[in-house]
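Here is a short briefing on the structure shown below. Keep the viewer open while reading.

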Number of protein chains: 2
Amino acid sequence: MAEEQLTPRSENFSDWYNELVLKSELADYSPVRGCMVVRPYGWTLWENIQAALDRRFKETGHVNAAFPLLIPKSFLEKEKEHVEGFAPELAVVTIGGGEELEEPLIVRPTSETIIGYMYSKWIKSWRDLPVLINQWGNVVRWELRTKLFLRTAEFYWQEGHTAHASEAEAREETLRMLDVYADFAINEAAIPVVKGVKSETEKFAGAVMSTTIEAMMGDTKALQSGTSHFLGQNFAKAFDIQYTDKNNELQHAWTTSWGLSTRMIGAIIMTHGDDKGLMLPPRLAPIQLVMVPIYRSDAEKSVVMETANRIFAELKQAGIRLKMDDREEVTPGFKYNDWEMRGVPLRMEIGPKDIEKGSVALARRDRPGKEGKSFVPQTNLVAAVSDLLVEIQAAMLAKATAFRDSHIHDPKDMVELTQVVQNGWAYSWWCESKECETKVKDATKASTRCMPVDQPEGSGSCIVCGKPAKRKVIFGKSY
Amino acid sequence: MAEEQLTPRSENFSDWYNELVLKSELADYSPVRGCMVVRPYGWTLWENIQAALDRRFKETGHVNAAFPLLIPKSFLEKEKEHVEGFAPELAVVTIGGGEELEEPLIVRPTSETIIGYMYSKWIKSWRDLPVLINQWGNVVRWELRTKLFLRTAEFYWQEGHTAHASEAEAREETLRMLDVYADFAINEAAIPVVKGVKSETEKFAGAVMSTTIEAMMGDTKALQSGTSHFLGQNFAKAFDIQYTDKNNELQHAWTTSWGLSTRMIGAIIMTHGDDKGLMLPPRLAPIQLVMVPIYRSDAEKSVVMETANRIFAELKQAGIRLKMDDREEVTPGFKYNDWEMRGVPLRMEIGPKDIEKGSVALARRDRPGKEGKSFVPQTNLVAAVSDLLVEIQAAMLAKATAFRDSHIHDPKDMVELTQVVQNGWAYSWWCESKECETKVKDATKASTRCMPVDQPEGSGSCIVCGKPAKRKVIFGKSY
């Protein structure tokens with residue numbers, strides 16, 4: 001029960017993160033190197049993320065399905081860039097039911113290939129299009145330098161795979177899902193992501209164009225938090241996804257894929273967390289409010305608990321996700337620290353004096369000390385709590401946005417660029433050549449994160465070579 | 001678009017099943033032998049099953065988490081009976097990231113071992129107990145004789161794993177979850193399952209006691225549809241799950257595990273389906289009502305669709321899961337057959353005459369022809385539809401219960417037993433010896449399904465050997 005302090009963020013951001021994930025019981029290391037265990041508190045957070053995304057997927061016409069975990073090795077080899085990208089990361093099943101397999105099976109690192117194969121069976125006519133399917137599941141990409149939620153051999157995600165009759169429709173779908181991700185990140189996770197297009201170097205293996213939502217973490221590094229890919233006809237040609245059009249001619253379909261993973265939990269931790277621990281956005285928090293009853297005697301306890309239990313029932317009935325911390329073996333002060341560490345947005349304290357006054361104390365996680373504390377009447381508590389949760393959600397987004405904006409710079413030359421990416425992003429004109437991209441990376445360790453969808457008008461000169469540039473790009477160090 | 005008839009159930013139940021699963025687009029075969037693809041219609045059914053179960057798990061104090069897919073091979077070997085049971089069915093990863101692994105990893109066939117390992121890390125004191133965790137996921141048990149939903153190498157399920165301070169508590173949990181399964185099966189899936197205890201031969205590899213819900217399919221075979229196991233201290237000892245009790249003494253925990261899988265979809269198909277196709281219980285059906293607008297001219301169409309769209313919006317708003325079938329390329333008759341085949345509980349027909357009369361026609365899937373058809377006013381449709389769905393749900397359960405009860409027999413001797421298990425179950429006294437169990441199996445192919453929880457008073461003589469018997473058992477052929 002002894003309280004160990006977290007390493008301060010400013011001292012060592014990476015240690016702070018690793019300690020916090022374990023201490024808050026979001027996740028744990030598994031005995032298999034590279035894999036993680038997502039503990040109930042972390043999984044409930046993921047369930048809330050899933051629900052918020054799944055609602056958006058269904059509103060935009062998508063349905064869920066499930067495709068096999070195991071994929072014949074030969075499938076991966078059908079799309080040249082795809083296999084080159086994924087070959088080094090594969091886990092391979094060579095024995096099944098006690099016998100050596102004739103063809104090894106890979107544990108899916110992503111499902112374009114097996115889904116492409118099934119689509120070629122299902123899609124015959126233009127009437128069968130579009131196909132708009134999503135899958136929630138687990139994937140494996142071999143990885144031994146574990147960082148929980150950010151880099152693990154097995155992780156959880158959703159992968160959408162769609163097939164369309166025209167290029168325009170598939171491109172539209174790619175951007176629609178990018179919008180869905182951005183809307184989710186901003187309005188549910190309170191993370192002010194930037195939507196943009198990946199460079200040729202950074203795009204998905206097998207895509208024509210990859211788009212991304214990029215988030216700035218508390219150490220100013222970028223985290224790619226969701227991607228949506230326009231796959232052109234690459235996979236349709238590799239897997240013969242063909243349909244007869246209205247003129248009865250055979251055509252290849254156009255496909256997309258898009259994914260968001262448990263990495264988002266890492267993004268939430270590193271965007272909002274502070275030296276006291278997690279700070280979870282109310283809309284996704286497993287526990288939105290924790291109640292801490294305070295008493296010194298059995299007599300006080302019975303008076304306090306009667307009211308506390310009534311308030312608990314009332315808030316629960318109204319749909320507030322809450323917890324009563326009635327542990328006897330620890331002090332209220334210990335409980336405050338404990339729930340602050342776990343990032344619960346609101347704490348309610350209720351003691352004998354509050355009972356006398358007919359009020360309770362509410363303390364905001366996002367505003368430390370007296371500033372974040374208010375005393376509110378026990379009447380109309382549902383409205384007061386709901387309002388405060390909305391306020392906290394908005395304040396967290398505003399704070400993260402201000403932090404991000406104050407760390408995006410417009411350097412005037414390479415010298416300045418090299419400086420600013422040490423503690424922020426550079427938003428600069430770029431000629432889109434691989435050469436200039438590599439020069440920046442070699443000199444600064446910053447890579448191109450994306451060419452934002454929202455661009456300034458006009459054009460400029462590449463910050464590296466000075467040649468004409470049509471679009472600005474974000475350079476930043478990244479996870 | 002040509003309509004192929006299903007093989008009648010009475011002619012070949014197995015062909016009927018296989019054809020129906022494909023034709024209704026619940027699932028498909030995958031290119032990897034033994035694996036299945038669950039298509040959107042089947043997955044939505046599974047999502048509804050998940051929601052109904054998950055709600056019950058959470059109401060009984062459980063939380064969800066996620067444990068790794070890959071398990072060190074040595075883990076399985078720590079519990080002797082467990083490894084003997086599962087060794088022949090394993091898929092083994094021997095290569096990771098391009099290199100031969102030092103220790104092969106198995107793709108989980110079930111997770112007692114890896115979860116046991118983690119529990120031994122997490123559980124220290126009596127204050128940490130009980131641990132009540134469930135996991136939704138996929139497992140792999142090598143299997144090449146595929147039967148979609150019933151027997152596939154990969155399948156989807158939930159597995160609950162709990163740890164308790166006492167034997168009594170763990171036994172109580174085992175039965176609590178058996179009750180949850182039975183409540184779900186009866187009240188959501190309309191399947192009148194029998195709760196009971198498995199024989200020593202039929203129990204889970206590593207369990208002290210296995211309990212089951214057994215359902216009777218349309219061909220009178222039994223399907224084990226969910227199991228809940230009391231594991232004693234077997235896994236706690238194999239994985240050192242120990243805690244200090246209130247007297248500060250070290251104790252092994254008592255554990256349980258319980259699972260229900262996509263097999264339940266097979267149970268729903270084979271309990272309720274008929275020669276026309278699926279018949280889905282309204283509480284789980286992906287589509288509860290399909291609307292078929294009827295018109296012959298553009299003028300009729302515009303009148304009909306205006307009302308149809310208004311009704312659609314009204315029902316959707318009320319939470320009815322419904323679909324408008326406005327396909328132009330097929331006839332209403334084709335649509336009726338199509339949705340009957342897919343098992344949609346209610347069909348609404350709406351044409352020009354209905355518009356004139358201010359009514360609609362509602363046709364029940366569970367009652368063919370005129371008997372199941374009613375004309376109801378367009379006012380108050382939400383109530384009419386909701387009531388009918390409740391009625392259909394109840395009628396389906398009643399029908400399945402009557403079918404089951406009329407196929408459970410009380411044979412007077414082995415000769416009669418041999419006859420009745422050809423087309424039903426025998427409910428007989430049994431001395432609980434493996435010898436008598438084997439004799440019945442060898443003579444009839446019927447195995448012991450379970451010793452029902454609800455037993456008649458008193459005792460009897462074993463139907464095989466005539467020795468004293470304390471409990472009755474169900475003998476039946478099974479999937």
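In which loop of chain B is Pro130(B) found? Pro130(B) sits in the loop between α5 (112–122) and β7 (131–140) of chain B. The model is predicted.

- Strand β5 (residues 91–96) of chain A and strand β5 (residues 91–96) of chain B run antiparallel, joined by five bridges. Across this pairing, Ala91(A) stands opposite Gly96(B).
- β5(B) also pairs in the antiparallel sense with strand β6 (residues 99–107) of chain B, over four bridges. Here Val92(B) stands opposite Ile106(B).
- The hairpin of β5(B) and β6(B) has two residues between the strands. In this hairpin Gly97(B) takes a positive phi near 55 degrees.

- Ala65(A) lies in the loop between β3 (63–64) and β4 (70–72) of chain A.
- Is Ala65(A) buried or exposed? Ala65(A) is buried, because 24 other C-beta atoms lie within 10 Å.
- Ala65(A) and Trp136(A) are 71 residues apart in sequence, yet 8.0 Å apart in space, C-alpha to C-alpha.

**The sheet of chain B**

- An open sheet of 11 strands runs in the order β3-β7-β8-β14-β11-β10-β9-β22-β25-β21-β20 (chain B), with mixed pairing.
- β3 (63–64) and β20 (408–409) of chain B stand at the edges. Each has a single partner strand, so one side of each is left without a neighbour in the sheet.
- Within the sheet, β21 (residues 425–430) and β25 (residues 471–476) of chain B pair in the antiparallel sense over five bridges. Trp429(B) stands opposite Lys472(B).
- Helix α8 (residues 263–272) of chain B lies across β10 (209–216), β11 (222–230) and β14 (254–261) of chain B. The helix runs at about 145 degrees to β11(B).

**Helices**

- Two packed helices are described by the angle between their axes and the distance between the axes.
- α2(A) and α6(A) pack at about 145 degrees, with their axes 10 Å apart. Their crossing is right-handed.
- At this crossing Ala52(A), Leu53(A) and Arg56(A) in α2(A) meet Val180(A), Asp183(A) and Phe184(A) in α6(A).
- In chain B, α2 (residues 40–59) and α6 (residues 167–187) likewise pack at an angle of about 145 degrees, with axes 10 Å apart. The crossing of α2(B) and α6(B) is right-handed.
- At 1.5 Å a residue, the 21 residues of α6 (residues 167–187) of chain A should span 30 Å. The end C-alpha atoms are 30 Å apart, which agrees.
- Buried residues of α6(A) include Met177(A), Leu178(A), Tyr181(A) and Phe184(A). The buried residues of α6(A) pack against elements including α2 (40–59) and β8 (154–164) of chain A.
- In α9(B), Ala308(B), Ile311(B), Phe312(B) and Leu315(B) are buried. These residues pack against β15 (289–293), β16 (322–324), β17 (346–350) and α12 (381–406) of chain B.
- Just after α9(B), Gly319(B) takes a positive phi of about 90 degrees.

**Backbone geometry**

- Most residues other than glycine have a negative phi, and most peptide bonds are trans.
- A cis peptide bond joins Leu129(B) and Pro130(B), with omega about -5 degrees. In chain A, a cis peptide bond joins Leu129(A) and Pro130(A), with omega about -5 degrees.
- Asn380(B) has a positive phi near 65 degrees. Asn380(B) is exposed, with 9 other C-beta atoms within 10 Å.
- Lys445(B) has a positive phi of about 70 degrees. Lys445(B) lies in the loop between α14 (434–444) and β22 (447–452) of chain B, and is partly exposed, with 13 other C-beta atoms within 10 Å.

Terms used: Residues are numbered from 1 along each chain as its sequence is written. Chains are lettered from A and ligands numbered from 1 in the order in which they are written. This is a predicted model: local features need pLDDT of at least 70, side-chain atom pairs count only at pLDDT 80 or more; totals for chains, interfaces and linings use all residues. Two strands pair if DSSP finds at least two bridges between them. Two residues are in contact if their C-beta atoms, placed from the backbone, lie within 7 Å. Axes are lines fitted to C-alpha atoms, for helices over the stretch in contact, and angles run from 0 to 180 degrees between N-to-C directions. The expected span of a helix is 1.5 Å times one less than its number of residues. A residue is buried if 20 or more other C-beta atoms lie within 10 Å of its own, exposed if 12 or fewer, and partly exposed in between; C-beta atoms are placed from the backbone. A crossing is left-handed if the near helix is turned anticlockwise from the far one by less than a right angle, and right-handed if clockwise.
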